[in-house]
Amino acid sequence: MKIAVIGGGSSYTPELLDGLFARAKAIGLEEVRLYDIDPERLATVADFCLRMCKASGTCIDHQTTTDLSTAVAGVDFVIAQIRVGGNSARKEDELLGLRHGLIGQETTGVGGFAKALRTIPAMLEIAAAIEKRAPDATLINFTNPSGLVTEALLKHSRVRVIGLCNIPVTFHIEIAKALGAAREEVELESVGLNHLSWVRTVRLRGEDVTAKALAWGGKAGRPANLGELDYPEGFIRALGMIPMHYLRYYYLTDRMIEEMKKKGKTRAEEVMEVEAELFKIYRDLTVNEKPAALSKRGGAHYSLAALELIEAIHFDRGNVLTLDVRNHGAVAELPADAVVEVPCRVGRDGAVPLPARPVPPAILGLMRAVKAYEELAVTAAVERSRDAALLALVVHPLGPDADHAEAVLEDLLRTHRLELK
Ligand code: G6P
């Protein structure tokens, strides 16, 4: 098996390779190619990974390249984890939100929209290279906003792509922990979109323990990038479902904005500090272990998520994983060509979403509104359409109203030096 990592110079890469190296023999991994547009970061990360795998005795041939075509040629899997414009662009996305009294988060609200506008064209270029040089490869997309980017790729390329996020795996692990059970004993039924999903049923060894799990309500096990805010208990009880962490941006909007203002620092700035610390460690020739500081990033368990998917496909397992895939009618209330984040059966031929029960009105409106925004955002990014961009902003439940949308859009385009027609 050959794997290419696009965005290989990410500070996250050692976490990914640590997981891959540990399972290398089992999955027959022969080669990993790390691709990045920044040769310096790439070399630092690759050298550190080499020391790490030598120390653990699990070394796999890993090459580096700044040539996309070379990176993907003949590989079986491509893992994409790019951040167009780096964390400085992310900081601008967050500040854009704050300037207009809105949520400017990495994947949600006007921040996620700005990121989608600059990321989708880059991902379509990567998809074109895969179509040409590795047409049978599976593209595992972590690139944010993950569901939205996956939808753009499914609609505008021929690549076999599956969107992936660490949140469903993390949620599964945390709920099992809260129930005092092993993860294998716990089954979650969830429905929604990426960073916008709800756990509807929790089963422990086949028994419905949702009521017990609701008491946990998503309090514990929050990713490092989200604040300490809890949902009101009465709300969770009435909802009867566990909202995934990112739903705080929708259900606790005012408190989330307040919290961001109070901190006086964007998440991007915090991440830049953590990255400086991580890269210092990666450059230190005496260090050869995955640094503890990696836990300050939000991407916990992301190598586990990637491996579970790779193994399910490679071994034709037919097990159930929660992934971002084309709906195909699984969620009857959403368009068939929309990307949804739902439990899927996964094997050699890919991921097939399991049919969802009817979606209750308490969550249906939000799900539909965000999906409509995502459709418009894909059109805006692919057609470089100003009208679609304006509508995407207004349709987004966390976006500006029509009176303010043009000013927000102008600000966004100016800040990121983007142009639309
Ligand atoms: C979570 C999300 C990812 C996101 C990450 C951000 O894990 O699921 O989509 O990229 O957090 O973490 P960071 O440390 O960059 O804020």
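In the hairpin formed by S7 and S8, with two residues between the strands, His195 adopts a positive phi near 55°. Strands here are DSSP runs of E with at least two residues, helices are runs of H or I with at least four, and both are numbered from the N terminus. The model is a predicted one, in which local features need pLDDT of at least 70 and side-chain atom pairs count only at pLDDT 80 or more, while totals for chains, interfaces and linings use all residues. Residue numbers start from 1 along each chain as its sequence is written, and side-chain values rest on heavy atoms, with hydrogens and water left out.

S7 (residues 186-193) and S8 (residues 196-204) run antiparallel and are joined by eight bridges; strands count as paired if DSSP finds at least two bridges between them. Val186 has Leu204 as its bridge partner in S8. Seven of the eight residues of S7 are buried (under 20% relative accessible area, with exposed over 50% and partly exposed in between; 1.4 Å probe, protein chains only).

Leaving aside residues up to four places away in sequence, Val202 touches several residues, including Val186 and Ile242 (contact means heavy atoms within 4.5 Å).
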